[in-house]
Amino acid sequence: MNITLSPTTNTTHIDHKKINATSKEIKTFYDEATEDYTFWSQDFNMHFGYFSFGKTNLFLRDTMLNEMNSQVLKRLELSSSKQLVADLGCGMGGTMRHFLHRHSLLCMIGVTLSDFQVAEGNKLLKKYPAVIVKEDFRNTSIETNSVDGAIAIESFCHTGHNIKTLKEAHRILKPSKRLIIGDAFLKKSPDQLCFGSSYSYKKLCEKWSLEGLGVIQEVEENLKKIGFSKVSVEDISPRVAPSVFHVPFAIPLFLLKKILKREPIKKQSWDNLKASFYALTSGLHMKDFGYYLITAEK
Ligand SMILES: C[S@@+](CC[C@H](N)C(=O)[O-])C[C@H]1O[C@@H](n2cnc3c(N)ncnc32)[C@H](O)[C@@H]1O
């Protein structure tokens, strides 16, 4: 493997058809709103959590958010020897730090579109053999057949879990190694959603700059078509629900803190708050939405 552990920029142009999720919009959103996530997670986890009896506390959000990291790490089935893992859509590297703390011979590369996350995330990764680079996860500079694992937690939704995104993950993985996706998916096509689901879905995509959520059955089929041999799909919605129910409490507290500090609330912060609310309303439509962990082996 030949990975340079220093931040780089890949200027590949990607053609976007949908207005919700151009690279520029995603970059601006995360450049401006990433700081707000300290309110959601002290460890900078930019995702929902996984409730596990005995391991997590319903009232301590970060225990659940970190348990999501642990569940993803477990499914990678890494060996105890030197390993390289790619985090495709890594945010501030919260998951990367969680993994690196637990596996002493692990090296990691994270990719994001946000300059803020590259700059600040790399500061937090200083003591680890890891780097965050500014690249598009549909077209990375990572060598073919070079990584021992790839993960994507709540990031592939920005490209609608599309084939191009899944193919790139397949390309970089060594044979027999795994891609783990943790994300929300649709259970039916968008035109079959009821009025409430459809409205929540539209707003969720608009406010979080998502191209759309993949339909779970289609994503499973696509992974197999691309060449993943073993694909396992787990509906973990009940495990994720407790952290989603933190949203109605977290939003007013975040706003109160801003008001007391007399800090202005940026457009991206409002969008983030509204999207979190629509994630909750979407989650209540259990026939239409689900949160899944997908394990796919090359
Ligand atoms: C909700 S955050 C999740 C971050 C991280 N996985 C976590 O759970 O903490 C989504 C991340 O996906 C990244 N992202 C979205 N679209 C991307 C793309 N096309 N290429 C690379 N990164 C992308 C964003 O920059 C952001 O870092």
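Visitor: Where is the place of Ser209?

Guide: This is a predicted model, and in it Ser209 sits in the loop between α7 (195-207) and α8 (216-226). Ser209 has a positive phi of about 50 degrees although it is not a glycine.

Visitor: Is Ser209 buried or exposed?

Guide: The count of surrounding C-beta atoms decides this, and a residue is buried if 20 or more others lie within 10 Å of its own. Ser209 is buried, because 26 other C-beta atoms lie within 10 Å.

Visitor: Where is Ser176 found, and what is its phi?

Guide: Ser176 is found in strand β5. Its phi is positive, about 75 degrees, although Ser176 is not a glycine.

Visitor: Is Ser176 buried or exposed?

Guide: The cut-off for an exposed residue is 12 or fewer other C-beta atoms. Ser176 has 11 within 10 Å, so it is exposed.

Visitor: Which loop holds Phe137, and what does Phe137 touch?

Guide: Phe137 is in the loop between β3 and β4. Leaving aside neighbours within four places in sequence, Phe137 is in contact with Leu88, Gly89, Val111, Ser155, Thr165 and Glu168. Phe137 counts as buried, because it has 26 C-beta neighbours inside 10 Å. As for distance, Phe137 and Met286 are 149 residues apart in sequence, and their C-alpha atoms are 29 Å apart in space.

Visitor: What about Arg138: buried or exposed?

Guide: Arg138 has its place in the loop between β3 (130-134) and β4 (147-153). With 20 C-beta neighbours inside 10 Å, Arg138 counts as buried; the cut-off for that class is 20 or more. Arg138 lies 57 residues from Ser81 in sequence and 28 Å from Ser81 in space, C-alpha to C-alpha.

Visitor: How should I read sequence separation against distance in space, say for Ser229 and Glu297?

Guide: Take the two figures together. Ser229 and Glu297 are 68 residues apart in sequence and 5.7 Å apart in space, C-alpha to C-alpha. Ser229 is in the loop between α8 and β6 (230-235). Ser229 is exposed, because 11 other C-beta atoms lie within 10 Å.

Visitor: At what angle do α1 and α11 pack?

Guide: The angle between α1 and helix α11 (residues 267-284) is about 95 degrees, and their axes are 8 Å apart. That makes α1 roughly perpendicular to α11, because angles of 65 to 115 degrees fall in that class.

Visitor: Which residues of α1 and α11 meet?

Guide: On the α1 side they are Thr28, Phe29, Glu32 and Ala33, and these meet Gln268, Ser269, Asp271 and Asn272 in α11. The residues of this contact divide into two nonpolar, four polar and two charged.

Visitor: How many residues are in the largest nonpolar core?

Guide: The general idea is that in soluble globular proteins nonpolar side chains tend to be buried together. Here the largest nonpolar core has 72 residues, and Val85 and Ala150 have the most contacts inside it. Strand β5 (residues 173-186) gives the largest share of this core, seven residues.

Visitor: What does Ala150 touch?

Guide: Not counting residues up to four places away in sequence, Ala150 touches Val85, Ala86, Leu88, Ala169, Ile172, Leu173 and Leu179.

Visitor: Which residues come nearest the ligand?

Guide: There are 23 residues around the ligand, and Met46, His47, Gly89, Gly91 and Ser155 come nearest. By class, the shell has eight nonpolar, twelve polar and three charged residues.

Visitor: Which helices and strands supply at least two residues of that shell?

Guide: Among them are α1 (23-33), α4 (94-102) and β2 (106-112), each of which supplies at least two residues of the shell around the ligand.

Technical notes. Residues numbered from 1 in each chain as written. Predicted model: local features only at pLDDT ≥ 70, side-chain atom pairs only at ≥ 80, totals over all residues. Near = placed C-beta within 6 Å. Helix = DSSP H or I, 4+ residues; strand = E, 2+ residues; numbered from the N terminus. Nonpolar A, V, L, I, M, F, W, Y, C, P; charged D, E, K, R; others polar. Axes fitted to C-alpha atoms, helices over the stretch in contact; angles between N-to-C directions. Parallel < 35°, antiparallel > 145°, perpendicular 65-115°, else oblique. Contact = placed C-beta atoms within 7 Å. Core = buried A, V, L, I, M, F, W, Y, C linked by C-beta atoms within 7 Å.
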